[in-house]
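Student: Could we go through the words used for this structure? I want to know what stands behind each one.

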Amino acid sequence: MTDATVVMEKPASQGKAIWQQFRTHKGALFGLIVLGILIVSVVIGPFLWVPEKLRVAEAIMLKNQGPSLRFPLGTDQLGRDMLSRMMAAGKVSLAVGFVAMFIAMTVGTTIGILAGYFKRLDGPLMRLTDMFLALPLIPLLLVMVMLFRDRIASIIGPEMGAFALIVFAIGVTSWMQAARIVRGEVLALKEREYVLAARSIGAIPRRIIFRHILPNVVSPVMVAATLGIADAIITESVLSFLGLGFPPDFPTWGRLLFDGLSYMQIYPERVIWPGIAISLTVLSVNYIGDGLRDALDPRIRGR
Amino acid sequence: MFDQPVNNLVEVSDLKMYFPIYTGIFRRHTGDVKAVDGVSFNIREGETLGLVGESGCGKSTVGRALLRLYEPTAGSVMISGENIATLDSEALRKKRPTMQMVFQDPQASLNPRMTLADIISEPLIEHTDWPVERRLERVLELMDAVGLNRRFANRFPHEFSGGQRQRIGIARALALNPKFIVCDEPIAALDVSIQAQVVNLLEDLQTRLGLTYLFISHDLSMVRHIADRVAVMYLGRIAELSPRDELFAKPLHPYAEALLSAVNEPDPNRARRERIILQGDVPSPANPPKGCNFCTRCPKAFARCHQEKPELVEVEPGRQVACFLYEDKKPAVSIGRPEAKTEHNQQGETL
């Protein structure tokens, strides 16, 4: 046939092509930078900014301070440095948000794909989804935390225990939207001719799902995931507020927000700091998801 | 009939494909859409059987049921001696390489997220345990065979034109050296100049690789070009199955006659066949007429046509027709008036 010396057009490697497209999305780039700053500051920040050790009497004197050079973000009602508390809180909140979102998306996508692809599973799985949607969330979480908090805490320690429990609780109670979206998408996708072509080739369902269906449901999952992070952070703060989440002295952004709530009229900055942090996280993750969705689609890429 | 009888590669007998209709709040099974209702034909090795008919007559369903992309309701499909309709899933999977399909819409039949090399090597991944290099070699070989530049191996489907995409689809179908390919309107979505290229490619591959085609189309001139024999379908049944030249010279079944009268003659000096305009609409396949499926619109229908369904019988050597007109070689007695029909089922209308 033709001589084999013809150089095959090397694709700019998949990763590089995705990055090229991602870079063209200004919002996504901005989001990535902001989220990067947030993550770096909560991870490295505590090593750079060590709050001065105050005796209780001094701390009481210095409570409810406004921003100053000594306390860049002010102090809270017990005279604790807000900056260091914000950083410690951010570590927990971000971790809860991402891990809970990851669990929810994994469960939701799995159930959605199974329900959409296998007709026999559709009924039972979607009724299960409806059941979860119908469950009153807060009482359910309450019962879960009541039943398992001490048991888990005795195994992996109170803080890790609370973290694991909260992440799990949020994860298993917020996958339903994703499952529904994915199922709808799969129902449409599996009638596409390329799926039919794969069947005519003799591809087994597992390969059809991984090769043809999963890559094509990425976009709706990505959107659901970015919104899910925000929801997870806020649900965690609700739980902590109700005393079901982390112990009271253990800061999270949601907790700081609720602590500041009662002083909002006198010291509004106490609510503004965690509020800004949560909003920035959600916004940047949203933009990143947006950019990533475009970048992962070869039809949009290079346009 | 002109040459020695060749082995039949595909033998379809009494193939039925009903899609159930469920109605009411209890989703009770109240009827069937009889998309394919008792179709029998053979395809000889190395030949092209054209399958024509208007849209909705069940052409594509026949093609898909043949490869068991649908589970046929009844009937058998023998492909080189094995009944595809009843094989268990593992045996069917083993059998898949011998029968492949080229799809109608080249845009829809290629996964937009896979590169050309991935798409063409998919059958190889499924059915061989070749290492990557060997697969790539075969992919490039196939790209040469269908006339795609080797440089394009790592591009995505959306970067190609319609004709090139259809070539990708053909290359994928060829990957496992099939014997039998169902071409489900492979040219319907392409523009005319590209149609010729793709059809010539298909013909070329047929002579080189000894392929057998079932060529589904509603483009009669294209079928005339590529097919050796042609089956004309109407409402889920075959009306006439004849060798191409005989059919185009003198269609026997009244429906085939009407259908072929619609073919345009490019040469204005040639005497044009008078067009036969059928009255009325195609009955719903969920509720076909009692007698011959075509009796509601047939200009030559007589009493018996409304009572019994005609079987596909050989009336001349090599020509099979499902029409009472030819059963005893008697000419039509009475001419039915289509507008007098009370039965009037629109397509898509449920019971």
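Tutor: Here are some terms, each set against its definition.
Tutor: This is a predicted model, where local features need pLDDT of at least 70 and side-chain atom pairs count only at pLDDT 80 or more, while totals for chains, interfaces and linings use all residues. Residues are numbered from 1 along each chain as its sequence is written, and chains are lettered from A and ligands numbered from 1 in the order in which they are written.

Student: What makes S174(A) buried?
Tutor: A residue is buried if 20 or more other C-beta atoms, placed from the backbone, lie within 10 Å of its own. S174(A) has 24, so S174(A) is buried. S174(A) is found in the loop between α7 (158–172) and α8 (176–189) of chain A.

Student: Which residues is S174(A) in contact with, leaving aside its neighbours within four places in sequence?
Tutor: They are A104(A), G228(A), D231(A) and A232(A). Contact means that C-beta atoms, placed from the backbone, lie within 7 Å. The C-alpha atoms of S174(A) and D231(A) are separated by 8.6 Å.

Student: Why are α3(B) and α5(B) called roughly parallel?
Tutor: Angles under 35 degrees count as roughly parallel. α3 (116–127) of chain B and α5 (residues 162–174) of chain B pack at about 30°. Therefore α3(B) and α5(B) are roughly parallel to each other. Their axes are 7 Å apart.

Student: Which residues of α5(B) make the contact?
Tutor: I168(B), A171(B) and R172(B).

Student: How many residues of chain B are in contact with chain A?
Tutor: 28 residues of chain B are in contact with 23 residues of chain A. The largest share of that side of chain B, 4 residues, comes from α3(B).

Notes: Two residues are in contact if their C-beta atoms, placed from the backbone, lie within 7 Å. Helices (H or I, at least four residues) and strands (E, at least two) are DSSP runs, numbered from the N terminus. Axes are lines fitted to C-alpha atoms, for helices over the stretch in contact, and angles run from 0 to 180 degrees between N-to-C directions. Angles under 35 degrees count as roughly parallel, over 145 as roughly antiparallel, 65 to 115 as roughly perpendicular and the rest as oblique. A residue is buried if 20 or more other C-beta atoms lie within 10 Å of its own, exposed if 12 or fewer, and partly exposed in between; C-beta atoms are placed from the backbone.
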